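Hello,

Here is the structure I promised to pass on. Please open it first, then read the notes below.

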Amino acid sequence: MATEHPANQQILTETVKKAKGVTAEGGLDAVRPESSLKTDSFFIMFYTRDMIIKLIKHHPSIELGHLYEHLFCMKIKSHMYKNGLFKYIDFSLRGLTFEESGLIDIELVLYTKEAKEELQKILEFSIDIDDKSVGIALLQLLAEEELPVYIEDSKKVIDELKLLDSQPWQQIDEFEIFDSSEFETHPGPLYITDQHQPKATIITSSLRLNNEFTKEHRKLLPLFRKIATLITETAQDRLSIKFGTYYEKKYFKNGSLGAESLIHHTNKSVQLENFTKEYVETIRYITDHQVFDKLVSWLQNISYKESSCEAPETRDSYKETGIYIGSKGWNKLSTKDNLNLLLSNTNLEIEFNNKKIIKKLKDIST
């Protein structure tokens, strides 16, 4: 069972009501923080079932559909962050365009009451089809694809994006059957060529504990992994939206969470200092919105029996940290003191074009 603070003798659970035209698909075990009440020293988290929304569209020009997917996901992320909502605390988002058919699949999971209140706005979104937004999405696409993307007619790209945006999303509960063999794809005004292009440049970032601290506080590694993931995922989203980078992967080893982003060779707008500044602003933004406290409070109340769908996974965490942890372990380790201890012993390292900048998190987050 989830461990409760004495002031919170009853964890409130409510059934998610169907939003207009949307069905909650989280299942009986999908439970997350509903909202947080701030006291002088802790957060009391209330729980509710997740709301999972799957949206589908199709375009026969695969790369144009792919570009639209990037623009729509950018719109959601920008909206959420502007409203103080964060990935894996309030929501998660995954966009996919199937390369054999041009089918666009968006999966949005809303965890908190505050995130769910944004749902109707999201369903009614029109993407931003201005030069800047389309240019950023194209840079993301160019960094992601190994082969060059050719634009045959830029005006037609804009017209097709507007047409696709005017078509309503189909929700998974209303969706019948899509057989890719029944639909023909065509290059359209935007397509991949087989020509050679220079490889994208890698930007490496890491949040790192020093070796001595890691040896002395090994049991805190799962908590550090969670904190570092929150920072990294948020920063990578912001970098992608601002500079057109493509977030390729992250990895955790020996008390360090590293991440790699790709930047297309034509993208000259990003320098090491720009990348570092965005990471620093992200950490300050997370701190100002007390998101670290929300994370700790959620982990304190984790129950794999009651919230198995969204409780922290155990196998990958064990493989990467050597620490296997359950609900009682999360409750024991997830304290404000341990949070501050980890933040005060973490360095941010950014490396790009054979240059590196190192900053101490305690100088950033305080």
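**What I found**

Helix H4 is mostly covered, with 10 of its 14 residues buried (under 20% relative accessible area; exposed is over 50%, partly exposed in between; 1.4 Å probe, protein chains only). Helices (H or I, at least four residues) and strands (E, at least two) are DSSP runs, numbered from the N terminus. This is a predicted model: local features need pLDDT of at least 70, side-chain atom pairs count only at pLDDT 80 or more, and totals for chains, interfaces and linings use all residues. Residues are numbered from 1 along each chain as its sequence is written, and side-chain values use heavy atoms, leaving out hydrogens and water.

Among the buried residues of H4 are Ala137 and Leu142.

Now the cores. The largest nonpolar core has 48 residues (buried Ala, Val, Leu, Ile, Met, Phe, Trp, Tyr and Cys joined through side-chain atoms within 4.5 Å). Helix H7 (residues 221–243) gives the largest share, 10 residues. Apart from this core lies another, of 39 residues, including Ala137 and Leu142.

Next, charges. The whole structure holds 17 salt bridges (a side-chain nitrogen of Lys or Arg within 4 Å of a carboxyl oxygen of Asp or Glu). Glu233 pairs with Lys87 at 3.9 Å, N to O. They sit 146 residues apart, Glu233 in helix H7 and Lys87 in the loop between helix H1 and strand E5. Glu233 is buried at 5%, and Lys87 is buried at 7%.

Best wishes
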